[in-house]
Amino acid sequence: MQSPSDIQPITRPPRAWCDALAAIGTATCSSELSLMGIRDAQIHGPRPLKLGRSVAGPALTLQMMPKREDLYGSNEYENPEVQLHRHVLYPAEAGDMVVVDARGDMASGIFGEMMLTFLAGRGGSGVVVDGCIRDSAKARELDLGVWVKGVTPNYHAQTNLIPFAVNVPVACGGALVMPGDIIVADDDGVVVVPVAMAERLIEGASQHVEWEEFARLRLSQGGDLRKYYPLTDAVQDEYLAWRAANQG
């Protein structure tokens with residue numbers, strides 16, 4: 001089990017990148033990443049606890065492991081600082097996303113109301129858990145995005161899991177997440193954007209969003225799906241004229 005003194009800080013990408021990716025959304029990020037060589041960037045399993053949020057931010061990671069009592073006994077509350085799930089939250093900054101490898105466990109609540117309230121108070125954008133939280137009714141009231149597989153009344157070490165390491169590579173919902181990766185999350189789910197690919201993704205996705213806006217308009221006006229989605233050469237001049245008029 002990692003010592004709190006061994007936890008490394010993450011390197012945060014520019015906030016403007018995160019804001020741009022949040023506006024682009026997971027669906028376009030996922031499709032653009034597939035064209036860039038990342039076949040499946042989705043974190044499978046977690047769903048939004050409350051609909052209507054679209055966020056993106058760098059990942060603070062927490063790795064959970066199967067419980068072993070000789071490593072994590074019943075006296076944790078005598079010294080709360082041994083609880084590593086606290087230590088993934090302590091360095092949280094505005095816009096950060098906490099990503100938890102909870103092994104898909106459906107019986108252990110990784111965070112509850114108090115921990116999530118702390119993260120919201122720090123300005124965190126959200127938490128992604130391939131498992132459960134508890135106190136879900138209170139969590140829905142927070143100004144915080146929450147993506148989970150489910151909810152449970154159990155606390156984290158009551159049943160099957162213990163926190164094992166912070167800011168290490170984790171497997172969350174079948175996806176590899178490196179500390180500092182940009183996590184994009186909205187009503188469709190959660191996508192991992194490698195930092196080294198973020199600028200190119202934003203450029204390509206912005207063009208995608210732009211032509212989709214034009215295509216959406218034409219389709220809503222009864223335009224031919226075969227021409228407008230995806231755009232064909234036959235309507236390129238029309239699209240370029242629309243873009244020039246709207247940019248002006």
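## The chain as a whole

Among contacts in the chain between residues at least 6 apart in sequence, 75% join residues at least 24 apart. Contact here means heavy atoms within 4.5 Å. The model is predicted: local features need pLDDT of at least 70, side-chain atom pairs count only at pLDDT 80 or more, and totals for chains, interfaces and linings use all residues. Residues are numbered from 1 along each chain as its sequence is written, and side-chain values use heavy atoms, with hydrogens and water left out.

The chain has eight helices and ten strands. Both kinds of element are DSSP runs, numbered from the N terminus: helices are H or I with at least four residues, strands are E with at least two. The C-alpha trace spans about 70 × 30 × 30 Å along its principal axes. Of the 248 residues, 48% count as buried. Buried means under 20% relative accessible area, exposed means over 50%, and partly exposed lies in between (1.4 Å probe, protein chains only).

## How helix packing is described

Two packed helices are described by the angle between their axes and the distance between the axes. Axes are lines fitted to C-alpha atoms, for helices over the stretch in contact, and angles run from 0 to 180 degrees between N-to-C directions. Angles under 35 degrees count as roughly parallel, over 145 as roughly antiparallel, 65 to 115 as roughly perpendicular, and the rest as oblique.

## Helix 1 against helix 6

Helix 1 covers residues 15-24, and helix 6 covers residues 198-220. They pack at an angle of about 40°, with their axes 10 Å apart. Helix 1 and helix 6 are therefore oblique to each other. Their crossing is left-handed. A crossing is left-handed if the near helix is turned anticlockwise from the far one by less than a right angle, and right-handed if clockwise.

Which residues make the contact between helix 1 and helix 6? Helix 1 supplies W17, A20, L21 and I24. Helix 6 supplies A198, E199, L201, I202, A205 and S206. These residues divide into eight nonpolar, one polar and one charged. Ala, Val, Leu, Ile, Met, Phe, Trp, Tyr, Cys and Pro count as nonpolar, Asp, Glu, Lys and Arg as charged, and the others, Gly among them, as polar.

## Helix 2 against helix 6

Helix 2 also packs on helix 6, at an angle of about 120° and with the axes 10 Å apart. That makes helix 2 oblique to helix 6. Helix 2 passes helix 6 in a right-handed crossing. On helix 2, the contact uses T28, C29, S31, E32 and L33. On helix 6, it uses L201, G204, A205, H208 and V209.

T26 belongs to helix 2, which covers residues 26-35. Is T26 buried or exposed? Its relative accessibility is 4%, so T26 counts as buried. The side chain of T26 makes a polar contact with the side chain of D186, at 2.7 Å. A polar contact is a pair of N or O atoms within 3.5 Å; within protein, one must be able to donate a hydrogen and the other to accept it, and residues adjacent in sequence count only if both atoms are side-chain atoms. Leaving aside neighbours within four places in sequence, T26 is in contact with V184, A185, D186, D188, G189, V190 and V191.

## Helix 8 against helix 6

Helix 8 covers residues 236-247 and packs on helix 6 at about 105°, with the axes 11 Å apart. The two helices are therefore roughly perpendicular to each other. From helix 6, the contact takes Q207, E210, W211, E213, F214, L217 and R218. From helix 8, it takes E238, Y239, W242, R243 and Q247. These residues divide into five nonpolar, two polar and five charged.

## Loops

The loop between helix 7 (225-228) and helix 8 holds D233. D233 is exposed, with a relative accessible area of 73%. P230 lies in the loop between helix 7 and helix 8 too. A cis peptide bond joins Y229 and P230, with omega about -10°.

K67 lies in the loop between strand 2 (55-66) and helix 3 (84-87). K67 is partly exposed, at 26% relative accessible area. Not counting residues up to four places away in sequence, K67 touches Y72, A157, Q158, T159, N160, L161 and I162. D135 is in the loop between strand 4 (126-133) and helix 5 (136-141). D135 has a positive phi of about 55° although it is not a glycine.
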